[in-house]
Each structure stands twice: as C-alpha cells, then as structure tokens.
Amino acid sequence: MTLKRRVLFYSFTLLFFIGGASLLFVAQGYRYSREKGSVELTGEIAVDSRPGGAVVEIDGVLPLSFADRLKGKKEVSTPTRVTSLLSGVYRLSLTKDGYYPWSQTVTVFAGRAVVLGEVRLLPIPKETSIIPIPGVIEAYPVQGNRALYRTSDQSIGIVDLRTKDSKII
C-alpha cells in the first residue's frame with residue numbers, strides 16, 4: 001500500500017471507532033454538558049394529557065429532537081417522552097386551545113424517568129347564549145324564569161328570562 005492509502009485507511013478507521021463510540025454513548029443516554037464540560041448520563045420526562053394533543057414545552061422551549069426536526073415536526077404533543085435531559089430542574093408546560101394552560105416544576109435525575117402520567121386539562125368555559133348579557137360564562141336556573149349568572153370579569157348577577165331585566169348582586 002502506498003503511504004497515501006495507509007493514511008486514508010487509518011483516518012477512516014479512527015473516524016469509524018470515534019463515531020461508533022459516540023453513537024453508543026448517545027444510545028445509552030449520555031450527553032455532553034457545556035456548563036460542566038463533561039459527559040453526563042441523562043434523564044427523561046414522560047407525560048400524557050386528557051384530552052390528548054396538548055403542546056409540550058420545557059422551560060418555554062419546544063423539546064424537538066433531531067429526528068422530529070428531520071420529519072418536519074413543528075411541535076411536540078402529548079402523549080410523549082422527552083429524552084436526553086441533563087439532571088436539573090425544568091418547568092414543564094402543556095397548552096391546548098380551549099383549555100387552561102398547565103405547568104409544573106419537574107426535577108430530572110440522571111438515569112431516571114419522571115412519569116407524570118395523565119394530566120387533566122380544564123376547559124375554559126364558553127359564553128352561554130341563554131342569557132342575553134355579554135361576557136356570561138356560567139348560568140344556573142333559579143326560581144321560575146330567573147337565572148343566576150357569572151361573567152368573565154367575575155361579576156355575579158341575576159336575570160329575569162322573560163323581561164331580560166338583570167341586576168348585578
């Protein structure tokens with residue numbers, strides 16, 4: 001073999017072993033920490049929601065993996081597992097249209113999975129059309145043709161459904 005071929009052969013062999021070792025480390029859950037300047041074992045968070053399809057954010061950032069980006073995904077939604085998280089405290093948030101946002105502080109430990117199970121998202125009440133008053137989000141029938149209502153600004157009132165007369169109480 002010529003010298004040029006030997007150098008090329010040994011260079012590719014070295015690159016193969018370094019690349020293979022790097023892939024093994026990542027596959028076993030290790031990641032390089034820039035803050036500490038060392039390789040660390042990672043953890044993960046598993047979360048589901050009811051209803052499903054809530055958008056997941058960790059510390060205000062969408063946790064898209066390299067594979068998600070290759071597939072063209074724009075967001076991560078429940079149910080999901082967020083992997084390759086370095087040990088530390090994270091703020092996990094779930095959002096879905098028509099539901100109140102949910103968030104919780106989660107501590108991730110090396111080599112462990114934090115399983116949050118099923119998070120129940122609460123629906124945002126819709127305005128009711130029975131009461132002819134803007135901003136009504138809840139109404140309850142009371143004596144006869146009257147109803148008790150609550151508005152989006154937290155005012156409580158009573159309305160006569162026949163005459164449409166209302167009074168804040």
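This is a predicted model: local features need pLDDT of at least 70, side-chain atom pairs count only at pLDDT 80 or more; totals for chains, interfaces and linings use all residues.
## Overall fold

The protein chain has two helices and 12 strands. Along the sequence they run α-β-β-β-β-α-β-β-β-β-β-β-β-β.

Along the principal axes, the C-alpha atoms fill a box of roughly 100 × 30 × 25 Å.

## Surface and contacts

Of the 169 residues, 25% count as buried. The protein chain exposes about 12,100 Å². Carbon and sulfur atoms supply 58% of that area.

Contacts were also sorted by sequence separation. Among those between residues at least 6 apart, 44% join residues at least 24 apart.

## The largest pocket

Rolling a probe the size of a water molecule over the atoms shows where empty space is left. In this model, the largest pocket holds about 570 Å³ of space. Its lining counts 30 residues. Nearest the centre lie Arg31, Val82, Thr83, Ser84 and Leu85.

Which elements each supply at least two residues of the lining? They are β1 (30-33), α2 (66-70), β5 (80-85) and β6 (88-95). Strand β5 gives the most, with six residues. By class, the lining has 13 nonpolar, eight polar and nine charged residues.

## Cis peptide bonds

Most residues other than glycine have a negative phi, and most peptide bonds are trans. A cis bond joins Arg50 and Pro51, with omega about 0°. Pro51 sits in the loop between β3 (43-50) and β4 (55-58).

A cis bond also joins Thr78 and Pro79, with omega about -5°. Pro79 belongs to the loop between α2 and β5.

## Positive phi values

Asp59 is not a glycine, yet its phi is positive, near 55°. This residue is in the loop between β4 and α2. Asp59 counts as partly exposed because its relative accessible area is 46%, between the 20% and 50% cut-offs.

Gln154, also not a glycine, has a positive phi of about 70°. It lies in the loop between β10 (146-151) and β11 (156-160). Gln154 counts as exposed because its relative accessible area is 52%, over the 50% cut-off.

## A buried strand residue

The C-alpha atoms of Ile137 and Pro125 are separated by 5.8 Å, although the two residues are 12 apart along the chain.

Terms used. Residues are numbered from 1 along each chain as its sequence is written. Side-chain values use heavy atoms; hydrogens and water are left out. On a 1 Å grid over the protein atoms alone, a cavity is a set of points where a 1.4 Å probe fits but cannot get out, and a pocket is an open set with protein on both sides within 12 Å along at least five of seven lines; lining residues have an atom within 4 Å of a point. Grid points are joined across faces, edges and corners, and a volume is the space filled by probe spheres set on the points. Helices (H or I, at least four residues) and strands (E, at least two) are DSSP runs, numbered from the N terminus. Ala, Val, Leu, Ile, Met, Phe, Trp, Tyr, Cys and Pro count as nonpolar, Asp, Glu, Lys and Arg as charged, and the others, Gly among them, as polar. Buried means under 20% relative accessible area, exposed over 50%, partly exposed in between (1.4 Å probe, protein chains only). Contact means heavy atoms within 4.5 Å. Accessible areas come from the Shrake-Rupley method with a 1.4 Å probe; for residues, only the protein chains shown count as cover.
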